[in-house]
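This report describes selected local features of one protein chain. Please look at the sequence and structure shown here before reading on.

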Amino acid sequence: MKRIITSICFVVSCLFVHTLRAQNLTEFNKAPLKQHVYVQLPIGSIKAKGWLLKQLEQQRDGATGMAEELYPEKDNLGKNSDWLGGDGSGWERVPYYVKGLVALAYTLDDPMLKAKAQKYIDWTLSNQQANGLFGPPKMKDWWPRMPMMYALQSYYEATNDKRVIPFLSRYFKYELANLDADPLKEWGKARAGDNMEIAIWLYNKTGDQDLLKLVEKLKRQAYPWIDIYNNNEFYFFGDDFQPKHMVNVAQALKFPVVYAQLQDLPSNLEALSKGIAHIMHDHGQPEGLGSGTEFLAGTSSIEGVETCTVVEWMQSLETAAKVIHDVKIGDQLEKVAFNALPAQFSRDFKNHSYYTLPNQVQSIHGEHGFNQDYATGIVSSPYSGYGCCRYNMHIGWPYFVKSSVVATPEKGLAVITYGPMEIETVVAENKKIKITEETNYPFEEQIRLKVELAASTSFPLILRIPAWSVKPGIKLNGATLKGVKAGEMFTIGRKWKNQDQLELNFPMEITTRAQVNNSVSVERGPIVYALEIKAVNKVTKTYPVTGFADYEIHPESAWNYGLMINKSGLSNANVLKSEMPENPFIAENAPVKIKVRAKKIPSWGLGYNKVSAFDVPFSPIASAEKQEEVILVPYGSENIRLSCFPVIGEPKKINKTLVENFDEGMASNWVFYGGGWFWKDGQINAASNAGSGGYGIKGSKYVANGTDFKDFVYQADVKINTAGDAGLMFRVSNPAIGPDAYHGYYVGLDQLNGTVIFGKASGQKWTVIRSGKYPVEMNKIYTLKIVAKADKFDVFINGSVQPVLSATDNQYQSGSIGLRTYNSLASFDSVKINTF
């Protein structure tokens, strides 16, 4: 026994060569900042193991490690980059990349990656101007310097390089002195929270009060994110697209929390949760964040999320978890990390997709009609979509690892997220500790924590107990602890001894969650499940760098399934467990699958453009097909997927009467297709989408898919705010993104031409059935009413006794109602429909 103890102590002492120095680089908030705020451990303190390590190694061997070879141009990562003193124009690309590269290099302790990063770090630190400004001299923009500061922060915490603190101090003095003359604009104005976070970090190092003045100035010059999140004001800025650009929205989620450290007010602390609630209600997707292509894009299952959004949303939650000690933040972070993040990449981390869709049944070249559309936007490629994501995506997994466990002011530790890893740091009065986290979580329910200490010591260990867990439990050295509750942070304050062991048990159950068009997603613990689709990859382009290519992904098995659900949940769902593979994000080898019963829906297929599927049909939906057993796999294990499932059953749609006054916000079970729609002052408004290439306001639709009306009186208030037309849709089916991408009728007020028009869309073709002169003024409310009886239609305006327009047509017999604009901004209210 004595020999064993001696050996353990020797091993422990060897393991902590760096920890005491590293922990001394960690400072908690100094007055007057908010107290009881957690602090991240210096990078390198947490080492990934198991499946989590595999993700980092794939980055090293794939897109991160090979980035300079893939993007060797001087305006990208070439040797003539202006971030290396050359004549290129790297703007945000180099700082984005170096931010993730440094984090990955020191998390893996990889010499090759460190060397790649060092040249950028050294050039940046060695070429600061005398006035304190850093970066390429010709670059007149505050924004790209912000991600580079994160890179310098990580680098300093890993190396204690004495150049970093005075370097940042000089820059922040320059910034404070020059922001009035050269205020934040565009991306810097949107992303000021990043700048503020690093300034607070530096204040805790130096105590320089000017840094707090800088934070206040940055806050004043930034967009009013606190109000935006609290009041759902993303679309309130007209042609200024920055506050509705989803990457900005995700990145600025940290803004109120960062500022709350200076102003500890409920409105600041609550803005995060309120903002996320607004986003998820109006734009939420099954994988745990909001859509954005690139602007906030609604709940449709065929809208996408950008890779930059995923990693920035994660970092915002990682920051928030240190300030707000709420279990929900860790739950949300894990959901995004375990689902959305791996879904953005090829299984080997060589490619990414600029956008991913909840229902993405193929990945091929072609335009979707997104506000910002790219023919390569969902193609798996080192060059998918616009260039930002291929540089920014590298922070995802390394930042997740380094933020999983944090230091607490009580000289303890708090576990925010779980996974296989090792934590080496100090607790209490600089007592060295190593915690080994042995687990295949989230693919298993048990997590084993083994504590190694050179000497027994007292400190608090705080554990997040997921809200989704069913009867969670914790055992300490085999003894069950009392008071463990789902959705709470559980603190164990005791004198810890070497070889103490904790066993965490977080039982998972299969659940469904409501999604767009009354569909459901399937979850088990933090994992979202999608239909296993057999797929084939078709290489469309190869690159000089060996092993890198573009490829389209085509389905080789049926995907148009609806689930069988009874009162107790999924019909006969079974969990299928298998051996844990090296990489669990490969569908074929997924360690946990779910078998469920389903039926095909023959009427559900590819949309008009044959690029994406039609939106998930409204549930319940009938199917005469035979019942089958299908397999669901983790969302992040596929690059094509179906995750919003229709439910098989007797159709139930509103078909008698409907009144929608939009008193509470966006209406339930209304979905927009193209452009943007938002609620303000009791009205629904079509959003400005300046900079969207015209897709945003050409035929943007807001459709109540849960309705089915045949003969009726349908009216609403319509106010046209810019030249163009707007009006009412009816007898609509198969709505999609695109001006005339629907089947059904439309009556519109055309302000530009002074007419009222009645027409129909079929096969993406618009046909005018009847039109007539009618003077339409901008910013004036018109009550537009349609009376439909069989094939006869009468249009009334502002209570006119006689119809202003009458027409006949017999193509469409019944369908949904909705609102539509074409080349205009418009507001709608007081929707009312009654059948005869």
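## A loop residue and the basis of the model

Asn-779 lies in the loop between β37 (765-773) and β38 (781-789). Helices (H or I, at least four residues) and strands (E, at least two) are DSSP runs, numbered from the N terminus. Phi of Asn-779 is near 60°, which is positive although the residue is not glycine. Most residues other than glycine have a negative phi, and most peptide bonds are trans.

The model is predicted, with local features requiring pLDDT of at least 70 and side-chain atom pairs counted only at pLDDT 80 or more, while totals for chains, interfaces and linings use all residues. Residues are numbered from 1 along each chain as its sequence is written, and side-chain values use heavy atoms, with hydrogens and water left out.

## Cis peptide bonds

Thr-293 and Glu-294 are joined by a cis peptide bond with omega of about -10°. Glu-294 sits in the loop between α15 (266-283) and β3 (305-306).

Another cis bond runs from Ser-619 to Pro-620, where omega is near -5°. Pro-620 belongs to the loop between β25 (592-600) and β26 (628-634).

## Helix α5 and its neighbours

Two packed helices are described by the angle between their axes and the distance between the axes. Axes are lines fitted to C-alpha atoms, for helices over the stretch in contact, and angles run from 0 to 180 degrees between N-to-C directions. Helix α5 (residues 93-108) and helix α6 (residues 111-126) have axes that come within 9 Å and cross at roughly 140°. The two helices, α5 and α6, are therefore oblique to each other; angles under 35 degrees count as roughly parallel, over 145 as roughly antiparallel, 65 to 115 as roughly perpendicular and the rest as oblique. Their crossing is left-handed, a term used if the near helix is turned anticlockwise from the far one by less than a right angle, with right-handed used if clockwise. On the α5 side, the residues that meet α6 include Val-94, Tyr-97, Val-98 and Leu-101. Among their partners in α6 are Leu-113, Lys-114, Ala-117 and Ile-121. Contact here means heavy atoms within 4.5 Å. By class, the contact of α5 with α6 has 13 nonpolar, 1 polar and 2 charged residues. Ala, Val, Leu, Ile, Met, Phe, Trp, Tyr, Cys and Pro count as nonpolar, Asp, Glu, Lys and Arg as charged, and the others, Gly among them, as polar.

Helix α3 (residues 50-61) also packs with α5, at an angle of about 125° and with the axes 11 Å apart. Consequently, α3 and α5 are oblique to each other, and α3 passes α5 in a left-handed crossing. Leu-53, Leu-56, Glu-57, Gln-59 and Arg-60 of α3 make the contact with Leu-104, Thr-107 and Leu-108 of α5. This contact of α3 with α5 has 4 nonpolar, 2 polar and 2 charged residues.

## Helices α7 and α10

Helix α7 (residues 145-159) and helix α10 (residues 192-206) cross at roughly 30°, and their axes come within 9 Å. Therefore α7 and α10 are roughly parallel to each other. The crossing of α7 past α10 is left-handed. Residues of α7 in the contact include Met-146, Tyr-150 and Glu-157, and those of α10 include Ala-192, Trp-201 and Lys-205. The residues of the contact of α7 with α10 divide into 7 nonpolar, 2 polar and 4 charged.

## Two open sheets

Strands of a sheet pair through backbone hydrogen bonds, either parallel or antiparallel. Two strands pair if DSSP finds at least two bridges between them. Strand β11 (residues 457-464) runs antiparallel to β14 and is joined to it by 8 bridges. Leu-461 stands opposite Ile-492 in β14.

Strand β12 (residues 473-476) pairs with strand β15 (residues 501-505) over 4 bridges in the antiparallel sense. Lys-475 stands opposite Glu-503 in β15.

## An annotated region

The unreviewed UniProt entry carries the annotation "domain: Non-reducing end beta-L-arabinofuranosidase-like GH127 middle" for residues 418-508. UniProt positions are given in the numbering used here, feature names are shortened, and annotations may be inferred rather than shown by experiment. Over residues 418-508 the chain is 0% helix and 55% strand, with the end C-alpha atoms 15 Å apart.
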